[in-house]
Amino acid sequence: MALTEKKAVQGFPAVGIAQLEERWRRSLRGRNRRKYIPIAIGMLMVLTMVVVALLAPYIAPFSPSAQYADYVLKAPGAGGKHLLGTDEYGRDLLSRIIWGTRVSLQVGLASVCVGFVLGVPLGIMAGFLRGSTEAMIMRFTDMMLAFPTLLLALIIVTALGGSLINEILAIGVALMPNFIRLARSLALTIRENDYIMAARAIGGSHLRIMLRHVFPNAVSTLVVIATLYIATAIRTEAGLSFLGLGVPPPTPSWGNILSEGRQYIKCCPWLTTFSGFAIMLAVLAFNLMGDALRDLLDPRLRGE
Amino acid sequence: MAPKPWLRLGVAVLAVVAGLALLQPAPASAARKQILRIAHKEPDTLDPHKSILGQTQALVRFIYRGLTRFAIKDGKVTTAEVEPDLAESWTVSEDGTVWTFKLRKGVQFHKGFGELTAEDVKYSYERQLQREKGTRFAKNLDVIKEITVVDPYTVRITLKAYDPVFLLRTVGYQQGYIISKKAAEQYGDQFGWNPVGTGPFYFHEHLPREKVVLKAHKDYYFGRPQIDEVHWFDVPEDATKLIGLEKGTFDIIVPNTVTADVKGQVEKMGAVLDKRGPGGQYRFYINWTKPPFNDIRVRRAFMHAIDRQAIVDTLWPGGLANLAISPVPPGYFGHIPVEMPEYNPELAKKLLAEAGYPNGFKVENYFITKSFAYPKIMVLVQEQLKKVGIDVQLQLVEHPTYHRNIRKNLNPFVLYGGTRLTDADVWLHLFFHSGEAPDPETGNMGTNFAHYNGIDDLLAQGRQTRDPEKRAKLYHEAQRRIMRDAVCLPIVDVPNMSARNPKRVKSPFDPEYGEFALHYFYNYPEMLTLVQ
């Protein structure tokens, strides 16, 4: 790609093609192979999550909302059938955590998509068109960035009311400024390239250039960063649910299991431990995958 | 250099031990003065007529008294009968509309505000009747036409009409507290934190977000209490209260909610859970004007679909609360157990099919508050209703929003819990009289969420009836009618509960409902004694 070619030439002016190839091969053998371990682990964890979410009705031993009045707040292994114990309504914790995966994944993926779809066009416009358009979009973004993601999502959910869709919208909008800034900075670099000038010279409109040249060159980086924001979205969802603004009952989400378990932390720590653990694993999985992807797709290492 | 890590560890351990030692309460100060330490929430004011908060109503009982008080009978405090308090005796005219109270002589107000006179009684009631800014309980006194000071120790109250519960209104509770006229006029708006009453304790100081300090009133007319000082701490978290009780920082704690877990911890540390009736009754009102609930078969199906026993067993196991047995809870005058609908999902399904809903129906946007036991009961009920095909989509909202929405009739059935003056007349009027049906059009903020009008005649008769037995019979009939028309499903009677360290504080009443109290706390805090 043009962008990376230019960078490579600037970065290693004295290095020939043959040497670059040698370096690439060497790095694959040694240091770089180790790079695949976290990405493999991360991907495996994410894959597991997706499978668990999809097959929740078949994997979960009980219905996530079925209540057993004689099994209230029982420890893990109770009655030989509640592997992770039960909650204050006598519901099976394992089943709830399994079903909770659905909410977390749905919110994680969908809200990042919302943020991406809303933020990237604005960012590219700001970076490519410059001038007053940029000033307007960026000041608006700065304003939104003044609020932490969770707080912004909290304000939006409070205004709209708690439901799955509102939560997705709220977190998506809260993530939007991050995508705007990133897309703008990418567009700023890309617009200086010769091929953009060439596209202009042959009479390409702004819209066409942004769609056909700027966006495709920015998309890979954006997708990698989006992966990282899935982790943020999952954390924010848990935060919202913890504060009682997430999906309404009886739908289980890790955040509201954690929140409901908080008052029983002394007698029944399994409620908070396992739901907290699930959140931790999910965030870890997406962070591992995102970090590794970013390293792997770093332009300086793609020597070809 | 080997010992260095050990040295560090040693210092750390020492620091922790020293820190723990500092956490222990200093025993020296406690030995000198008898201080009762209570962990509750901070009151918003100490003006007894201006707050409906539970903690305020609990604390003002220390400071103020009324003309009458709830009677102590056979070692138990009742809430359906009264005995003299500030009034020594009273007489009532033939037609029951003129009450003459003889005041106890020599009753002293706190902080040298002088002796209680009929003027103070007149002032205390009239500031509420005149709807002075901030007063909350005027409605309970609206029956009064005129208050006359006959002489300093005699006050005559003329009513607009006969009122069977008038004496209950004069009890030291909410509207019934007598405050010092002199102090109220002197402090004006500042009276809330300069309270002056005739109760066993006087207000000493208020440290915001920390505690309120009360001291024993040495001229209290029933004798100075044994306790020298009461420290009322503001502790928001139940976990903190429990640790405090265990460590001896607090002698009595009032948890926000007493769960089985809290009960377990209290028992484990050897503390006592004092249960006071009548507490609050959680129940469903079914709005019989709202389709499909305007069909009695649907209402009956709703009732048979709800497993009340499972709700009590799940949320209040081990006798923490009682399965409700009537729409008027025990402890109220006129209460009688009536037959409750049994849990029978099959019958519920059959009734729904008969009513034209063989596959059930959906209730969208059902609002429920996040506070107290409301959301917990609703989560249980939601799952039970799902089994008969009624799909309720919950929307969690803040408590004030919930109260607004249920008065806009947005919920076809309303979950509500509460306490009122302990007479079926008051209770049934507020919850089942057609005049109390909430209506956003007219601004009626009543609590007859069922929009029921089937017992208006009985309530009107009750107002005319002097014979208590006959009056009670009317209310018995009313309770049966409410259940017959399937407009209300009583679920559980939850007592007011607090945990007490019996090694520090003794109460003369049995922890198991030895006391009935509307104050959310002990009815007679001056009867608590500290162990030397």
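Domain bounds here come from an automatic or database domain assignment. I kept that in mind while going through this model, which is predicted.

**Entry 1: domains of chain B**

I looked up how chain B is divided. The assignment gives domain 1 (5–43 + 196–276 + 497–530), domain 2 (65–184) and domain 3 (277–494). Next I checked the spacing of domain 1 and domain 3 of chain B: their centres, taken over C-alpha atoms, are 36 Å apart. Their contact involves eight residues of domain 1 and 11 residues of domain 3. On the domain 1 side, helix H8 (260–268) and strand E19 (512–516) of chain B each give at least two of the residues that touch domain 3. I sorted that domain 1 side by class and got five nonpolar, one polar and two charged residues.

**Entry 2**

I then picked out Ile63(B) and skipped its neighbours within four places in sequence. That leaves contacts with Leu46(B), Pro195(B), Gly197(B), Gly199(B), Phe201(B), Tyr202(B) and Phe203(B).

**Entry 3: a helix pair in chain A**

I turned to helix H5 (residues 93–129) and helix H8 (residues 164–190) of chain A. They pack at an angle of about 35 degrees, and their axes are 5 Å apart. The crossing of H5(A) and H8(A) is right-handed. By class, I have 26 nonpolar, eight polar and three charged residues in the contact of H5(A) with H8(A).

**Entry 4: between the chains**

I checked where chain A meets chain B: the contact takes 15 residues from chain A and 15 residues from chain B. The chain A side splits into eight nonpolar, six polar and one charged.

**Entry 5: helix H14 of chain B**

Last, I wanted to know how covered helix H14 (residues 424–432) of chain B is. Seven of its nine residues are buried, so I noted H14(B) as mostly covered, a residue being buried if 20 or more other C-beta atoms lie within 10 Å of its own. The buried ones in H14(B) are Ala424(B), Asp425(B), Trp427(B), Leu428(B), His429(B), Phe431(B) and Phe432(B). Their cover includes helix H15 (456–464) and helix H16 (468–484) of chain B.

Conventions:
Residues are numbered from 1 along each chain as its sequence is written. Chains are lettered from A and ligands numbered from 1 in the order in which they are written. This is a predicted model: local features need pLDDT of at least 70, side-chain atom pairs count only at pLDDT 80 or more; totals for chains, interfaces and linings use all residues. Axes are lines fitted to C-alpha atoms, for helices over the stretch in contact, and angles run from 0 to 180 degrees between N-to-C directions. Helices (H or I, at least four residues) and strands (E, at least two) are DSSP runs, numbered from the N terminus. A crossing is left-handed if the near helix is turned anticlockwise from the far one by less than a right angle, and right-handed if clockwise. Ala, Val, Leu, Ile, Met, Phe, Trp, Tyr, Cys and Pro count as nonpolar, Asp, Glu, Lys and Arg as charged, and the others, Gly among them, as polar. Two residues are in contact if their C-beta atoms, placed from the backbone, lie within 7 Å. A residue is buried if 20 or more other C-beta atoms lie within 10 Å of its own, exposed if 12 or fewer, and partly exposed in between; C-beta atoms are placed from the backbone.
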